[in-house]
Amino acid sequence: MTTTTVRERPLSRRGMISMGAVLGSSLTLVGCGNDDESTPAGSTGSGGAFPVTVEDKFGTVRIAEQPERVLSLGRTDHDVLLALGVVPVGLWQFIPTMKRGVGSWAEPSLGGKTPTFLKPPFDFEKVASLDPDLIVNVQSGGDETEYRTLTDIAPTVGLPGGAAANTVPWRDSTKLIARAVGRAAEGEKLIADTEALLKAAADRNPAFAGKTVSILLAFGGKVGVYTTGDTRMQIVSALGLKPSPYVTGLGEDTYFVELSAEKTGEADADVVILLSQQQLPLAATLKQYPQIAEMKAAREDRLVFPADPAVGLALSSASVLSIPYAVKGLEPLLREALA
């Protein structure tokens, strides 16, 4: 296993990145979010003893001191940081409609700050300009070239070993990020609280137990289904539901499988949760996707389609911050569909 060590920060780090023109990234800085005078991510609450070491896919990461400027590049890593009381200096604005870069469930945790936005392929010059002392890139694609370049800027915690790209279980990402910022105990409490919330919802709804479920995504005229390897399915399974036979048969090698119009009906289940990239009413969505309208679950009113798009986004984010929001929105809809 390769060992990743913390490098001392050279005074000319930004110049070094510029000279290298890292991986062809744009060297033009685009101003977005807070400027450098905004308050950095602080270490409120109980911090852990430093240095700390964590393991990721690429080896051992040593973090010498309590990080004060944490950069979040993983798809939903910022949710974990915010739940721990750490406001990142920058983050991947995964959903463009999220004007502050995070879901509505996480906005209160930002306080008065709006982090700088980045998006892949990351502009490494811009990353360096934020002067991070820790980069978290856990919910990521696990690209090694990207990872090695980021470690030249600051200690970087990447995809956990054995995890599939962009599908790190929420418990694992919480543990890894919490340890990296010196808040392992707080991370364990967040996990315990979230598990308790899921169990309480399952206990309130014994009718969910053993009922089959599929989760579909309508996007660009196409339809796909999430597999048992995906965090969305793992969350609804914690409520007592079980994957439909079709979903179970897909295995866990990938988190999402596109369905042909002819195959869509095979994903039928006792309840089908429908997510959509377009913010259209259900009737308009079914008109655009007749293959879903023809499913037995749709014809028998066992199709769950959250009117609040944030519920679907919260389910997709699958973090300790978003799961309570997703459960609150889905629970009454599932109860009605399975009545």
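Visitor: What's the mean pLDDT of the chain?

Guide: The mean is 87, and 86% of the residues reach 70 or more. pLDDT is the predictor's confidence in each residue, from 0 to 100. This is a predicted model, where local features need pLDDT of at least 70 and side-chain atom pairs count only at pLDDT 80 or more, while totals for chains, interfaces and linings use all residues. Residues are numbered from 1 along each chain as its sequence is written, and side-chain values use heavy atoms, with hydrogens and water left out.

Visitor: Where does pLDDT stay under 50?

Guide: Over residues 1-46, for which the model has 97 contacts beyond four places in sequence. Contact means heavy atoms within 4.5 Å. Where pLDDT is low, the predicted coordinates should not be read in detail.

Visitor: Okay, overall picture. How many helices and strands are there?

Guide: The chain has 14 helices and 13 strands. They are DSSP runs numbered from the N terminus: helices are H or I with at least four residues, strands are E with at least two.

Visitor: And how much of the chain is buried?

Guide: Buried residues make up 50% of the 339 residues. Buried means under 20% relative accessible area, exposed means over 50%, and partly exposed is in between, using a 1.4 Å probe and protein chains only.

Visitor: Which residues touch the most other members of the largest nonpolar core?

Guide: Val-157, Leu-216, Ile-273, Ile-292 and Leu-334 do, in a core of 86 residues. Leaving aside neighbours within four places in sequence, Leu-334 is in contact with Phe-208, Leu-239, Leu-241, Val-271, Ile-273 and Val-304. Apart from that core lies another, of 14 residues, including Phe-122 and Ile-153. A nonpolar core is a set of buried Ala, Val, Leu, Ile, Met, Phe, Trp, Tyr and Cys residues joined through side-chain atoms within 4.5 Å.

Visitor: New topic: why is helix H13 largely enclosed by the rest of the structure?

Guide: Because 7 of its 9 residues (309-317) are buried. The buried ones are Ala-310, Val-311, Gly-312, Ala-314, Leu-315, Ser-316 and Ser-317.

Visitor: What do they pack against?

Guide: Helices H2 (77-83), H8 (231-238) and H14 (322-337), plus strands E8 (212-219) and E12 (271-276).

Visitor: What caps the N-terminal end of H13?

Guide: Asp-308 does, with a side-chain oxygen 2.9 Å from the backbone nitrogen of Ala-310. After H13 comes Ala-318, whose phi is positive, near 50°.

Visitor: How far is the C-alpha of Ser-322 from that of Ser-104?

Guide: They are separated by 8.9 Å, though the two residues are 218 apart along the chain.

Visitor: Which pair is tilted?

Guide: One of them is Tyr-226 with Phe-256, at 5.0 Å centre to centre and 55° between the planes. Tyr-226 is in strand E9 (residues 222-226) and Phe-256 in strand E11 (residues 256-259), 30 residues apart. Ring pairs also link Phe-219, Tyr-226, Tyr-255 and Phe-256 into a cluster.

Notes:
Polar contact = N/O pair within 3.5 Å; in protein donor to acceptor, adjacent residues only side chain to side chain. Phe/Tyr/Trp six-rings, centres within 6.5 Å; stacked < 30°, edge-to-face > 60°.
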